[in-house]
Amino acid sequence: MAAQAHPHIFIKQNVVALFDPSGLTGFRLTWRFDPMYSSMMRADFVSTKGGPLTPADVKNLHDKSFVDLEDVHYFTTVTFNGKPLPLDTPTNFSATADGGTIVYTFDIPVRPDPHDLRPENVVAITVFDPSYYVYYELASDNPVAVTSGTALKAACGASVVWRDSIGWGRVHSDLVTCTYHSPR
Amino acid sequence: MQRRRFLSFGVLLAIAARAAGAFADPFNGSHVVPADTGSMFLIPSAILVRLAHMQMQLNDVISREFRSVHDTGSIAAALAILALAFLYGVLHAAAPGHGKTIVGSYFVANESRWRSGLFMGGAISLLKGLVAIAIVVVMSLILHVKEIETANQGAIVGCVSYALVVVIGCAVFWRTAMGRDCGHSYGRAASGHVHGATCASADHGSVVPTSVSDHSATNFRRFVIAATGMVPCSSAIIIMLFALANDAMGMGIAAVAALSLGMAVTVSAVGVVGIGARPVLVRAARGAGQNLAHAERTVRLVGAAAMVVFSGLLMLGAMSQI
């Protein structure tokens, strides 16, 4: 197991919590692949060796190197006021090439059960591969942000949490926690 | 007594089977099967995360230097790649895999000289690098296989390799448990040579070794090296592929050589620890009231069982990737 299990894909991540007047609607995740894996993705799934990606390239990446992540719930776990929240199928998938780096951006919609709403809510998201094949880390600049959450006094911050891995014991993983007020 | 030994051996195997997880490249259309959680490696997880973070940074820097070698032909950048690849190798091999556990348990099971530990770690790591280069040349350059598939070749070769080591470990365990094995089985069986009560291995100087058992000790070690070293290191394949993408094949080969040397440092260190641990373990077993021959046998059984468990785990993990 281990010969393959140590991280071979490194991803720097940005998390944006998405709000509308009714409350939390989802998270926008940006995954920036390491240059070496990006180069392999480019060779396997992109029609050109350099330059921007065409819409066909983006579709190819989406179909061959993204949709199957549904099996692992996009490595994403969300809890709402302490309860696990089911995730909808991601929307707004896009892929870009930034120099030698492939970057995925997509939204994971979430809809908290109205019964679970409290005057003040706490929602937490982690992205973690328990097999440790993919290593996720929050990006160093602007790792966490909020959109349209001002009216609900939404605020997000990053911390670290222990996660159980497969065969590696407990390892650290980034946790993004947001608080917001329910609309009156 | 013997039944108890086999029972404990079975339990170890069961633990191995349970702890093995499923690993696959999730970005290549593979399906990942959730598996049980269990901790089998004794690396503190905080260190593990540090290692992953450092590898990520090295990955960034090495790829940047590759581009500047490609763009400007800078010698400084080339030297930087070699130094960084070496460091990457040291760190990367510290993470589970790379034959450390197999090398460590081999040397617990087989009394050996310090030099053998260094040699075995070096030989395994260099072989891994060579296999990686060969795989990239054949699969990517000649057969034009997809790059991500090429990088995942380790799983198939790994499966065969770990199965071989399981067989080796089982053979050592079985013969020792049956009382047929002192040191290296083949030598003794072939020469009819009878060891003293210490049951020392063939390459240990204190018991007069026959040339036959000396020879088979070397053969045995070569077999372990070949079985473990034939699994290519995925990182070496990834670096080679990246070098090719940047039209720098020669630089890629040099970088893989540096990476292998780095891994050799870590793997050899574990071999040396195994060699150093053996007398300590034997003393501990004697402290538990066993005579020397008995203590040596117990330690040998533990080492052989560890070989089987660790390579069994690696095998199951590799199998789930295919």
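## Cysteines and the disulfide

Cys170(B) is partly exposed, with a relative accessible area of 28%, where buried means under 20% relative accessible area, exposed over 50% and partly exposed in between, computed with a 1.4 Å probe on the protein chains only. The model is a predicted one, in which local features need pLDDT of at least 70, side-chain atom pairs count only at pLDDT 80 or more, and totals for chains, interfaces and linings use all residues. Residues are numbered from 1 along each chain as its sequence is written, chains are lettered from A and ligands numbered from 1 in the order in which they are written, and side-chain values use heavy atoms, with hydrogens and water left out.

Over all chains the structure holds one disulfide, the term standing for a pair of cysteine sulfur atoms within 2.5 Å. The disulfide joins Cys156(A) to Cys178(A) with an S to S distance of 2.0 Å, and the link is right-handed, with 105 degrees about the S-S bond. Cys156(A) sits in strand β10 of chain A and Cys178(A) in strand β11 (residues 170-181) of that chain, so that distant parts of the chain, 22 residues apart, are linked; strands (E, at least two residues) and helices (H or I, at least four) are DSSP runs numbered from the N terminus. Of the two partners, Cys156(A) is partly exposed at 24% relative accessible area, whereas Cys178(A) counts as buried at 0%. Cys170(B), by contrast, is in no disulfide, the nearest cysteine sulfur being that of Cys159(B), 15 Å away. Cys233(B) is buried, with a relative accessibility of 3%, and the sulfur of Cys233(B) lies 18 Å from the closest cysteine sulfur, in Cys159(B), which is too far for a bond.

## An open sheet in chain A

Five strands of chain A form an open antiparallel sheet in the order β4-β3-β7-β11-β10, two strands being paired if DSSP finds at least two bridges between them. Because β4 (83-84) and β10 (155-164) of chain A stand at the edges with a single partner strand each, one side of each is left without a neighbour in the sheet. Within the sheet, β3 (residues 76-80) and β7 (residues 120-127) of chain A pair in the antiparallel sense over five bridges, and Thr77(A) stands opposite Thr126(A) in β7(A).

Gln13(A) belongs to strand β1 (residues 9-20) of chain A and counts as buried, at 5% relative accessibility. Leaving aside residues up to four places away in sequence, Gln13(A) touches Leu29(A), Thr30(A), Trp31(A), Val127(A), Tyr136(A), Glu137(A), Leu138(A), Ala139(A) and Pro143(A), a contact being heavy atoms within 4.5 Å.

## The helices of chain B

The secondary structure of chain B comes to twelve helices and zero strands. Of the 322 residues in this chain, 53% are buried, and among its contacts with a separation of 6 or more, 76% come from residues 24 or more positions apart. Helix α4 (residues 100-109) of chain B is largely enclosed by the rest of the structure, because nine of its ten residues are buried; including Lys100(B), Tyr106(B) and Phe107(B).

## Pocket and cavities

The largest pocket holds about 670 Å³ of space. On a 1 Å grid over the protein atoms alone, a pocket is an open set of points with protein on both sides within 12 Å along at least five of seven lines, a cavity is a set of points where a 1.4 Å probe fits but cannot get out, and lining residues have an atom within 4 Å of a point; grid points are joined across faces, edges and corners, and a volume is the space filled by probe spheres set on the points. The lining of the largest pocket comprises 27 residues, of which Ser39(A), Ala43(A), Lys49(A), Glu147(B) and Ala245(B) lie nearest its centre. At least two lining residues come from each of α2 (35-45) and β6 (101-109) of chain A and α5 (114-142) and α10 (234-245) of chain B, and α2(A) gives the most, with five residues.

There are seven cavities of 30 Å³ or more, and the largest cavity has a volume of about 70 Å³. Residues of both chains line the largest cavity, among them Phe10(A), Tyr37(A), Met40(A), Asn59(B), Tyr88(B) and Ile239(B). The elements that give two or more residues to that lining are α2 of chain A and α10 of chain B.

## Confidence

For the complex, the predictor gives an ipTM of 0.85 and a pTM of 0.79.
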